[in-house]
Every structure is written in C-alpha cells, then in structure tokens.
Amino acid sequence: EQALPLLERIYGREHLNMGIALANLGQVARALGEPEAAIVYLQRAQTIYDRTHGPNHSQTAKNLMSLANIIRDLGDPKIAKAILEGVLAIQERDYG
C-alpha cells in the first residue's frame with residue numbers, strides 16, 4: 001500500500017502496472033479479512049483494466065471474478081451472480 005504513491009509517480013494513475021498492484025492489494029485485503037478494502041482496490045483495478053485491456057479481456061474477467069466472490073461473501077449473491085455471468089460470457093468467447 002505504501003508503494004502506491006511511488007507507482008503513481010512512475011507510471012501514472014491509469015497505467016496497467018497500477019491495476020496489477022491494486023488487484024494484488026485487493027487479494028491481500030481479502031486474505032486479511034478486509035473485504036470492503038478489497039472491493040475498493042479491485043474496483044480501481046477494474047477501471048484500469050477496462051481502459052487498458054477492454055471489458056472482454058481475460059485479465060478483466062479474472063479481476064471481476066475476484067470482485068464477485070467478495071461481493072457474494074458479503075451477502076449479495078444476486079449482484080455476484082450478475083458479475084459472474086459476464087465473466088462466463090468472456091470465458092466462453094475466449095475458451096469455447
């Protein structure tokens with residue numbers, strides 16, 4: 001987390017490396033039992049992935065899957081299901 005300001009200065013706020021760092025922080029926050037922080041990190045990463053990879057890229061889908069699992073764990077399975085249906089569509093297109 002302390003490295004984020006440095007990464008922003010080096011790469012810029014919307015660079016793919018920022019997205020990767022944010023997604024990793026989201027996973028760590030989830031593992032530490034901080035789902036709300038995880039969602040914030042993963043949503044920021046998602047914005048970057050959407051801009052850099054596009055909404056139908058496998059990396060975008062992977063991040064969305066993580067986000068959906070946390071949302072499900074927080075007790076909102078309907079929203080999680082909707083997100084996962086989008087992930088499934090991406091994976092079906094990519095992998096058949």
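Okay, so helix axes here are lines fitted to C-alpha atoms over the stretch in contact, and the angles run from 0 to 180 degrees between N-to-C directions. The helices themselves are DSSP runs (H or I, at least four residues), numbered from the N terminus.

Quick background before we look. This is a predicted model, where local features need pLDDT of at least 70 and side-chain atom pairs count only at pLDDT 80 or more, while totals for chains, interfaces and linings use all residues. Residues are numbered from 1 along each chain as its sequence is written, and side-chain values use heavy atoms, with hydrogens and water left out.

Let's start with H2 and H3. They pack at an angle of about 155 degrees, and their axes are 8 Å apart. That makes H2 roughly antiparallel to H3, a label for angles over 145 degrees. The crossing is left-handed, which is to say that the near helix is turned anticlockwise from the far one by less than a right angle.

Who touches whom? Contact means heavy atoms within 4.5 Å. On the H2 side we have, among others, Leu-22, Leu-25, Gly-26 and Ala-29, and on the H3 side the residues include Tyr-41, Leu-42 and Ala-45. By class, this contact has 14 nonpolar, four polar and two charged residues.

Now H3 and H4. Here the angle is about 160 degrees and the axes are 10 Å apart, so this pair is roughly antiparallel too. The crossing of H3 and H4 is also left-handed. The residues of this contact divide into ten nonpolar, six polar and one charged.

Is Asn-63 buried or exposed? Asn-63 is buried, with a relative accessible area of 3%, and buried means under 20% with a 1.4 Å probe, protein chains only. Leaving aside neighbours within four places in sequence, Asn-63 is in contact with Ala-23, Leu-42, Ala-45, Gln-46 and Tyr-49.

Last, the core. In soluble globular proteins, nonpolar side chains tend to be buried together. The largest nonpolar core in this model has 24 residues, meaning buried Ala, Val, Leu, Ile, Met, Phe, Trp, Tyr and Cys residues joined through side-chain atoms within 4.5 Å. Leu-4, Leu-22, Tyr-41 and Ile-71 have the most contacts inside this core. Helices H2, H3, H4 and H5 each give two or more residues to the core, and H3 gives the most, with seven.

Key:
Buried < 20%, exposed > 50% of the residue type's maximum accessible area, 1.4 Å probe, protein only. Parallel < 35°, antiparallel > 145°, perpendicular 65-115°, else oblique. Nonpolar A, V, L, I, M, F, W, Y, C, P; charged D, E, K, R; others polar.
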